[in-house]
Every structure is written in structure tokens, then in C-alpha cells.
Amino acid sequence: MCIRESDGVLDNIYHGFWLIPALIVAFTCIYFALKDKKGLLSTAARFFDSRYFYTLSCALVIVLVFSRLAGMGYLWQTLLDDHYIRTIKNLAEEGTELLGYSLLAYSALGFGIEVHRLNKNS
């Protein structure tokens, strides 16, 4: 998601370049996940049972659904008619995305600390 959000910078190389680093990261993650299937399944099961799974799920809904709805120019133009100001729409969209990304970071860091503590005690 970070790579996709960096689309404006990566477009300086060529339009749509974000796909190349995104695929590299995706295939690298898949490779390491499949390399240790047993560890992947036990960690995934632990994650799904943790409170951080619910936070991450809400964060993904905020980023992938709600922020896109908040950023629909047509919706804002229809609702505000002559009072539409693009800067306000952008503020709402980017603020919503920031909230979602903050919750994603919280859930990733929180679960990482939880796993680290459990492994340290084992």
C-alpha cells in the first residue's frame, strides 16, 4: 500500500512504475511465507486470535473502502453543489487514509511486540 501511495513519485520514472516494486515485494513475501509453511500457519492462527486482527481488519476497511468513498469528487460535488471545495475533499480523504494507515501500523507493531514477548518467554 505504501508503494501504491508513492505513485506520484514513482511516475517520474514512468507511468505505472509502482507495479514493479509492488510485485517484487509481493513475490518476496510469498517466497518467505511458503519457505516456512508451518511457521506461517501457526503465526497466522495466533494473529487471527489476537485483538490486533480486528484492528487491522477495521483499518483495511477504512483505507480500502471508506477513504475511497470520502474521496469521491462526484459525491462531494453532488452534496455541496456550488459550495464544493476540492481542498476540503482532499483533506477528508487524506485524513481518513492517515487514520487507516495509523491503525494498520498500530496493529502490525502491536502484534510484532506480542510475538517477540511470547518468543522471549518460550
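This report covers the fold, the aromatic pairs and a nonpolar surface patch of a predicted model.

## Overall fold

The chain is helical. Its secondary structure comes to seven helices and zero strands. Read from the N terminus, the order of elements is α-α-α-α-α-α-α.

The chain has 122 residues and a radius of gyration of 19 Å, whereas a compact globule of that length would have one near 14 Å. Along the principal axes, the C-alpha atoms fill a box of roughly 65 × 35 × 20 Å.

## Burial, surface and contacts

Of the 122 residues, 21% count as buried. The accessible surface comes to about 9,100 Å². Carbon and sulfur atoms account for 69% of that surface.

Contacts also reach along the sequence. Take those between residues at least 6 apart: 60% of them join residues at least 24 apart.

## Aromatic pairs

Eight aromatic pairs turn up in a search of the whole structure. One of them joins Tyr-31 and Phe-32. Their ring centres are 5.2 Å apart and their planes stand at 70°, so this pair is edge-to-face. Tyr-31 counts as partly exposed, because its relative accessibility is 49%. Phe-32 has a relative accessible area of 51% and is therefore exposed; the cut-off for exposed is over 50%.

Phe-47 and Phe-111 form another pair. Here the centres lie 4.9 Å apart and the planes meet at 75°, so the geometry is again edge-to-face. Phe-47 sits in helix α4 (residues 37–48) and Phe-111 in helix α7 (residues 86–121). The pair therefore ties together parts that are 64 residues apart in sequence. Both Phe-47 and Phe-111 are buried. They also belong to one aromatic cluster, together with Phe-48, Phe-53 and Tyr-54.

Two elements give two or more residues to the patch: α5 (51–70) and α6 (73–80). Helix α5 gives the most, with five residues.

Note on methods. Residues numbered from 1 in each chain as written. Predicted model: local features only at pLDDT ≥ 70, side-chain atom pairs only at ≥ 80, totals over all residues. Heavy atoms only, no water. Helix = DSSP H or I, 4+ residues; strand = E, 2+ residues; numbered from the N terminus. Rg over C-alpha atoms; globule rule 2.2 N^0.38 Å. Buried < 20%, exposed > 50% of the residue type's maximum accessible area, 1.4 Å probe, protein only. Contact = heavy atoms within 4.5 Å. Areas by Shrake-Rupley, 256 points an atom, 1.4 Å probe, with all protein chains shown as cover. Phe/Tyr/Trp six-rings, centres within 6.5 Å; stacked < 30°, edge-to-face > 60°.
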